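Reader: I would like to learn how to read a protein structure. Could you walk me through one, feature by feature?

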Amino acid sequence: MKRLIAILAVFTLMIGAAVFELVYTQKFYKEELRLLAAVEEVFDSDPEHIDRESSVKAFETAFTKWEKHRRYILMLANHNTAKYVDEKLVSLKEQIRLNQQYDAYVSLKTAVNYIEELKDDILPSLSNLL
């Protein structure tokens with residue numbers, strides 16, 4: 001009987017950890033995508049001057065959130081894709097500072113696509129199980 005209880009306790013702990021991972025990462029990705037969409041809206045309001053204060057502030061909000069959670073995302077998600085997101089966000093920071101509109105848009109869209117890929121990767125699906 002003790003073995004059964006121990007097995008059930010370990011199983012429950014594993015299921016709880018899996019649910020926590022799923023909820024944590026999905027919530028983070030949704031919030032990060034929302035923040036990057038806000039950055040894109042600010043860019044779109046004046047595409048010729050993306051180095052203005054509102055762009056920098058919107059980006060810093062998204063970048064700070066990414067920096068705060070990066071270590072956990074590297075542990076829980078595909079670390080190569082997470083590193084690509086990190087590279088694109090670091091590049092975007094400098095492109096905003098230098099007012100490189102076209103490169104900034106490409107980096108922003110690429111980071112969003114990578115985050116969406118990470119978001120889809122963590123969800124249980126038949127393709128992930130096989």
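This is a predicted model: local features need pLDDT of at least 70, side-chain atom pairs count only at pLDDT 80 or more; totals for chains, interfaces and linings use all residues.

Reader: With which residue does Lys 93 meet in a salt bridge?

Author: Its partner is Glu 60, with 3.9 Å from N to O. Look at where the two sit: Lys 93 belongs to helix 3 and Glu 60 to helix 2, 33 residues apart, so the pair links distant parts of the chain. Glu 60 is partly exposed as well, at 27% relative accessibility.

Reader: How many salt bridges are there in the count?

Author: There are six. One of them joins Glu 40 to Lys 109, whose closest N and O atoms are 2.7 Å apart. This is another link between distant parts of the chain, from helix 1 to helix 4, across 69 residues. Glu 40 has a relative accessible area of 21%, which makes it partly exposed, and Lys 109 is partly exposed at 41%.

Reader: Where do Glu 67 and Arg 70 lie?

Author: Both are in helix 2, three residues apart, which is about one turn of the helix. Glu 67 is partly exposed at 34% relative accessibility, and Arg 70 is partly exposed with 26%. Salt bridges with shared partners join these two and Asp 86 into one network.

Reader: Now the inside. Which residues have the most contacts inside the largest nonpolar core?

Author: Start with the general idea: in soluble globular proteins, nonpolar side chains tend to be buried together. Here the largest nonpolar core has 29 residues, and Phe 43, Ile 73 and Leu 89 have the most contacts inside it. Helix 1 (2–45), helix 2 (53–76), helix 3 (79–97) and helix 4 (101–122) each supply at least two residues of this core. Helix 1 gives the most, with nine residues.

Reader: What is Phe 43 in contact with, leaving aside its neighbours within four places in sequence?

Author: To read contacts, list the residues that come together from elsewhere in the chain. For Phe 43 they are Ile 50, Ser 55, Leu 92, Ile 96, Ala 104, Tyr 105 and Leu 108.

Reader: Ser 55 is in that list. Why does Ser 55 count as buried?

Author: Ser 55 has 1% relative accessibility, and buried means under 20%, so Ser 55 counts as buried. Ser 55 is found in helix 2. With neighbours within four places left aside, its contacts are Val 42, Phe 43, His 49, Ile 50 and Ile 96.

Reader: Which residues of helix 3 are buried?

Author: They are Thr 81, Ala 82, Val 85, Asp 86, Leu 89, Leu 92, Gln 95 and Ile 96. What covers them includes helix 1, helix 2 and helix 4.

Key
Residues are numbered from 1 along each chain as its sequence is written. Side-chain values use heavy atoms; hydrogens and water are left out. A nonpolar core is a set of buried Ala, Val, Leu, Ile, Met, Phe, Trp, Tyr and Cys residues joined through side-chain atoms within 4.5 Å. Buried means under 20% relative accessible area, exposed over 50%, partly exposed in between (1.4 Å probe, protein chains only). Helices (H or I, at least four residues) and strands (E, at least two) are DSSP runs, numbered from the N terminus. Contact means heavy atoms within 4.5 Å. A salt bridge is a side-chain nitrogen of Lys or Arg within 4 Å of a carboxyl oxygen of Asp or Glu.
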